[in-house]
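Dear colleague,

I am passing on the structure we spoke of, and below it you will find some notes on what came out of it. Please have it open while you read.

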Amino acid sequence: MKKIALIALAASAAALATPAAAQSASGTVGVTGTVAAKCTAITPITGTITLNELALANGTVDAAFGAQTGGLTRSFTVNCTGATPSITVSSDALNHSTDPTTANGYTGRVHYTSTLVADKATTGTATAVYNTADVLPAATTTNLGAPLKNAASNVRVTVSTGHTTNATDLLKAGSYSSTISITVSPT
Amino acid sequence: MTRVTGIFGKRLAGGALVALALGAAMPAAAQTAYYPVPGGPQTPISITLAIPVRASIGGSCNFATAGAPNGTYNIPGFIDVNSWTNDFTMQLVCTGPSRMAIVSTNGGLLSSASATTGYANLAPYDVAVNIVQGSGGPTTGNCPAANLKSSSAAACTLRGTASPTVGLPFGASVNLNGSYVRVSAPAFPGPDILVAGSYTDTLTITVSPAS
């Protein structure tokens, strides 16, 4: 009887010496956030292209805008979060400040081309071209089909190809101005 | 300590003592007890045996009822332009030294949208814990979520599934208020651009008694 009691005690001691089995408890939390599709102009899309004298010596338009100063291109830095942003360009013609009409061999309106180029994040560029006319066409939009390159000066606009409604028309003396509208949208 | 008293015959008293002392640590050897020898001294021989009993009471550690950190935090605004922070409160029932560990499923806020050069679809954030203890100040720890991903090799005491040897150690904390898991981030710093889309991550927080 005593022998049985001793064996039982030894077994109990061994059982008590074993560390308790590890147990753990858990909780789960979620965190969600959003990034909106958007484009942000890191450098303001503003500036002036100074063409100076628009006419050649013979009075017709200088198609190359050869008298310009500061260049015919302006660059901007735009960030877009969208996967396939679009660029849009439009403008009015270079209109005489007081008389933009065309008549009798003279004109107060110079048409030109605006070329908007955006760098793709993958490779290459996307281009939107807009030509003014007496009846202004709709703005030109081009989708990049790829993200906009995350780099400085990734959007550029260039003016070129000055012309008049009638190629032989002479430009009226005075001041001419035009505004180019550029839009970079996230889709 | 448990004391066992036995009555033994003269002849084997000494031998029986040795055998019993070993019995506490190994299977008991066969024992025989004798009454006093007829005609001999009639006073029973009494021997006191000391049997050491080793005991280990493992602490327990759980979240209190409804005290586990749970739920989803929807970050207001946009993570690329807004800073944000949120506390998931928790209440523990940990009776002794314990550990807490966390695993981040994505190692940050991840979007399913693809990201090409110059773009990112994983937004970093920080995870911090504050555990109010029964004595002393709170135990704190923090790591970037990136370091809490199970595959991360970066040093982070909080990473993993809590076990007696894994996780941030802390002392007893039983039904105390003020413990939390905090998630936060500044506006995404760049230079990459976060792609548009929804971002998400899941944190699994575990607690365990420590060894």
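Ser60(B) is partly exposed, because 15 other C-beta atoms lie within 10 Å, where a residue counts as buried with 20 or more other C-beta atoms within 10 Å of its own, as exposed with 12 or fewer, and as partly exposed in between, the C-beta atoms being placed from the backbone. Ser60(B) belongs to the loop between β2 (46-51) and β3 (61-63) of chain B, and its C-alpha atom is separated by 42 Å from that of Pro189(B), 129 residues apart along the chain.

This is a predicted model, in which local features need pLDDT of at least 70 and side-chain atom pairs count only at pLDDT 80 or more, while totals for chains, interfaces and linings use all residues. Residues are numbered from 1 along each chain as its sequence is written, and chains are lettered from A and ligands numbered from 1 in the order in which they are written.

Chain B also holds an open sheet of 4 strands in the order β5-β15-β11-β12, with antiparallel pairing; strands are DSSP runs (E, at least two residues) and helices likewise (H or I, at least four), numbered from the N terminus, and two strands pair if DSSP finds at least two bridges between them. Because β5 (84-90) and β12 (139-144) of chain B each have a single partner strand, they stand at the edges, with one side of each left without a neighbour in the sheet. Within it, β11 (residues 126-131) and β15 (residues 179-185) of chain B run antiparallel and are joined by 5 bridges, and Ala128(B) stands opposite Arg182(B) in β15(B).

Chain A has 1 helix and 15 strands, and 30% of its 187 residues count as buried.
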